[in-house]
Amino acid sequence: MKVAVLLNRLSGGGAERVGTTWAEGLRSHGHSVDVVVTHEPPSVDVQDCVRLEAGSFGRRIWKLRTLIRSQKYDVVVSLMPHWNVLSLLAVLASGKKVKTVISLHSLEAGMVKTHGLSFVAETLLARFLYRAADAVIAVSHAVGAEAKSKYNIERQKLWVVPNPVLDSLSGVGSARRSTKDSLALIYAGRLVGQKKPETLLYCAATLMNESNIPTVRVEFFGAGPLEKSLRLEAERLGVPTIFHGWRADWSASCPSDGVLVLPSMVEGFGNVLVEAAAIGLPSVSSSRALGVADAILPGVTGALAAGDHTADYCDAIRQAIAVPPFTVSPWLERFTAEHAASIVNRIIGELGLKRTKADV
């Protein structure tokens with residue numbers, strides 16, 4: 001089948017990586033795939049995509065509608081709310097019998113504060129449009145449950161496709177354990193308010209005062225607007241802290257005495273939790289973050305904090321330290337590129353069968 005995968009750009013975020021991985025996987029299953037991008041910077045020289053250059057949302061709809069008609073796509077796959085709405089409107093405007101697959105990568109509760117009125121407008125459109133999609137992909141069961149409730153998605157249209165965090169299982173390492181003499185609390189991600197990176201500093205200070213671990217330090221793998229305030233807070237608390245900056249291969253640089261802590265207010269999934277499990281590193285996040293429940297096996301690969309307070313995270317960190325060494329390759333297979341591609345290919349295949357029957 002001829003497929004268009006619509007997204008923001010080729011790189012720069014988790015959804016972009018997912019979209020390009022899906023495209024590669026569909027090609028490996030014999031489909032003809034175009035990756036269509038709307039916001040790839042002109043300075044970036046890209047050969048393997050179709051640029052949809054337009055200065056307004058209305059122009060994007062018209063250009064995508066023209067592309068759909070000229071290229072005669074069988075299916076349009078889109079990633080994230082803006083592009084989901086764009087694809088559904090363009091397919092409707094094309095007048096063609098093109099199947100649509102939309103995908104949701106974040107929990108939308110609370111997004112209005114972050115994205116403002118434009119997100120409100122897109123959500124209102126989505127309430128009318130999403131039910132018209134032929135398939136809806138969610139990256140976690142929490143995201144899927146929200147989509148079903150918020151947008152009244154029919155059960156048979158909803159699919160949960162875990163993020164392809166791992167290229168393969170070949171990079172899965174042996175279990176790492178914390179030592180008795182030291183503990184590193186590790187953070188991997190953007191240093192922004194929604195992710196609450198300061199929580200690690202408060203936990204380190206508490207654990208140093210209350211536990212028998214002589215040295216507790218914090219290691220940040222990430223960059224962002226909170227870095228300066230985090231440095232000042234670490235100095236005030238007397239917590240040894242290392243700022244590594246962002247590293248795409250952060251897990252390769254992790255110390256052997258570490259626990260990954262992801263204290264986000266909300267997460268659609270939590271890729272770093274799977275990346276930590278792949279090297280045997282225990283991890284901690286809050287149950288209130290919801291989507292992380294798909295990325296942690298409590299008591300096996302780490303622990304879920306009951307709440308958001310420092311005491312809740314400290315309890316979970318102690319539980320994570322105590323988990324036995326683990327090897328979870330069968331579970332990690334859910335998060336490989338091959339597994340994701342096989343499910344997306346199945347979705348496309350089923351839509352192809354429905355189209356064939358409808359055309360008979």
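1. Strand S5 (residues 99-104) is mostly covered, with 6 of its 6 residues buried. The model under review is predicted. In a regular strand, side chains alternate between the two faces of the sheet. Both faces of S5 are covered: Lys-99, Val-101 and Ser-103 lie buried on one side, and Thr-100, Ile-102 and Leu-104 lie buried on the other.

2. Strand S4 (residues 75-79) runs parallel to S5 and is joined to S5 by 5 bridges. Within this pairing, Val-101 of S5 stands opposite Val-77.

3. The sheet is open and contains 7 strands, ordered S3-S2-S1-S4-S5-S6-S7, with parallel pairing. Strand S3 (50-51) and strand S7 (158-160) each have a single partner strand and stand at the edges, so one side of each lacks a neighbour in the sheet.

4. Val-50 in S3 is the bridge partner of Val-36.

5. Two packed helices are described by the angle between their axes and the distance between the axes. Helix H2 (residues 57-71) packs against helix H3 (residues 81-94) at an angle of about 55°, and their axes are 8 Å apart. This angle makes H2 oblique to H3. The crossing of H2 and H3 is right-handed.

6. On the H2 side, the contact is made by Phe-57, Arg-60, Ile-61, Leu-64, Arg-65, Ile-68 and Arg-69. The H3 residues in the contact include His-82, Val-85, Leu-86, Leu-89 and Ala-90. The residues of the H2 contact with H3 comprise 10 nonpolar, 3 polar and 3 charged.

Note on methods. Residues numbered from 1 in each chain as written. Predicted model: local features only at pLDDT ≥ 70, side-chain atom pairs only at ≥ 80, totals over all residues. Heavy atoms only, no water. Axes fitted to C-alpha atoms, helices over the stretch in contact; angles between N-to-C directions. Helix = DSSP H or I, 4+ residues; strand = E, 2+ residues; numbered from the N terminus. Parallel < 35°, antiparallel > 145°, perpendicular 65-115°, else oblique. Left-handed = near helix turned anticlockwise from the far one by under 90°. Contact = heavy atoms within 4.5 Å. Nonpolar A, V, L, I, M, F, W, Y, C, P; charged D, E, K, R; others polar. Pairing = 2+ DSSP bridges. Buried < 20%, exposed > 50% of the residue type's maximum accessible area, 1.4 Å probe, protein only.
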